[in-house]
Amino acid sequence: MTPSPEPAHDRVPLAPFWRQWSDRAVARAPAGWTGLIDELRDLQDAAAASAPPAETVARATALLADARRLLAAHTVADDEQLYGKLLRLPGRGQTLSPPLRLLSWTATEIVGEVTFGRFHSGSNDAVHGGAVALLFDEALGRLSDLDDRPPSRTVSLRVEFRSLTPVGRPLTVRARLLGQDGRKRRLAGVLRDGERLCAEADGLFLALRPGQR
Ligand SMILES: CCCCCCCCCCCC(=O)SCCNC(=O)CCNC(=O)[C@H](O)C(C)(C)COP(=O)(O)OP(=O)(O)OC[C@H]1O[C@@H](n2cnc3c(N)ncnc32)[C@H](O)[C@@H]1OP(=O)(O)O
């Protein structure tokens with residue numbers, strides 16, 4: 001695989017399994033679906049960052065209950081779900097972890113940018129450690145399954161927190177494939193705020209056998 005000539009997350013190559021998985025969701029996604037996910041993400045950050053008066057709380061709660069009822073009327077099984085399957089979008093259409101925008105990639109390394117919002121804050125404007133682990137799982141998982149490698153799952157993820165990870169600033173995440181031994185893939189990741197090392201991780205991913213999910 002040749003290095004990407006310019007930043008363009010939507011041109012990251014997808015292995016056949018993932019291309020089919022993602023394209024099927026894209027084909028089924030109604031107009032405006034990605035706007036809904038973006039709104040949900042902004043809502044999470046706004047809720048986390050606000051200290052509203054009671055009238056505002058009551059109004060927002062009623063609006064949210066309305067939205068929840070509207071969506072719950074269209075519940076589908078996991079196979080039909082759209083959420084999290086839009087692999088050509090930064091964040092792949094989910095709000096669990098912040099959008100990871102890939103800037104460059106090869107078969108063995110990806111570099112991306114991520115900004116954590118208030119939703120992912122643990123305390124004192126520092127990102128929750130579990131959210132940092134979540135980001136590494138996303139980044140390492142993405143690289144594990146790049147370049148036509150069969151789908152894999154994380155079996156081990158170790159994170160070292162080296163300094164506080166700030167909220168609201170673009171951070172750089174870099175993941176590398178260190179090696180493969182049969183079904184086992186060893187990967188490592190680093191998260192930086194400019195030059196400052198915030199966290200690093202190493203993970204073991206196992207390629208799934210036919211029939212495994
Ligand atoms: C574009 C893409 C977008 C992709 C979308 C974007 C990225 C999202 C990424 C998220 C990824 C996840 O979070 S995945 C969700 C979290 N992970 C999981 O839920 C996985 C749960 N575990 C499992 O389901 C299972 O362990 C499997 C199916 C992965 C593997 O089971 P298995 O096939 O029976 O494998 P098994 O024989 O036990 O192990 C095979 C070999 O690995 C070794 N092994 C197994 N576990 C470990 C371990 N923790 N540490 C060391 N070694 C281990 C065994 O000793 C063995 O070595 P030897 O005897 O061969 O030497």
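Which residue of β8 does L157 stand opposite? In this predicted model, the residue that L157 faces in β8 is G203.

**Strands**

The strand β8, which covers residues 196-207, is joined to β5 by 9 bridges, and the two strands run antiparallel. On β7, which covers residues 184-193, the pairing with β8 is likewise antiparallel and consists of 10 bridges. Within this second pairing, R186 has L204 of β8 as its bridge partner. The strands β7 and β8 form a hairpin with 2 residues between them, and in this hairpin G194 adopts a positive phi near 65°. As a general point, the side chains of a regular strand alternate between the two faces of the sheet.

**Pockets**

Empty space in a structure can be located by rolling a probe the size of a water molecule over the atoms.

| Pocket | Volume | Lining residues | Lining by class |
|---|---|---|---|
| Largest pocket | about 1300 Å³ | 35 residues | 14 nonpolar, 8 polar, 13 charged |
| Second largest pocket | about 700 Å³ | 21 residues | 14 nonpolar, 3 polar, 4 charged |

In the largest pocket, the lining residues that lie nearest the centre are F17, W18, W21, R92 and R153. The elements that each give two or more residues to this lining are α1 (16-28), α4 (129-144) and β5 (152-161), and the largest share, 7 residues, comes from α1. In the second largest pocket, the residues closest to the centre are W33, L36, I37, L40 and L71. Two or more residues of this lining come from each of α2 (33-49) and α3 (54-72), with α2 giving the most, namely 6 residues.

**Annotated span**

An unreviewed UniProt entry carries the annotation "domain: Thioesterase" for residues 126-179. In the model, the end C-alpha atoms of this span lie 32 Å apart, and the span is 30% helix and 39% strand.

Conventions:
Residues are numbered from 1 along each chain as its sequence is written. This is a predicted model: local features need pLDDT of at least 70, side-chain atom pairs count only at pLDDT 80 or more; totals for chains, interfaces and linings use all residues. Side-chain values use heavy atoms; hydrogens and water are left out. On a 1 Å grid over the protein atoms alone, a cavity is a set of points where a 1.4 Å probe fits but cannot get out, and a pocket is an open set with protein on both sides within 12 Å along at least five of seven lines; lining residues have an atom within 4 Å of a point. Grid points are joined across faces, edges and corners, and a volume is the space filled by probe spheres set on the points. Helices (H or I, at least four residues) and strands (E, at least two) are DSSP runs, numbered from the N terminus. Ala, Val, Leu, Ile, Met, Phe, Trp, Tyr, Cys and Pro count as nonpolar, Asp, Glu, Lys and Arg as charged, and the others, Gly among them, as polar. UniProt positions are given in the numbering used here, feature names are shortened, and annotations may be inferred rather than shown by experiment. Two strands pair if DSSP finds at least two bridges between them.
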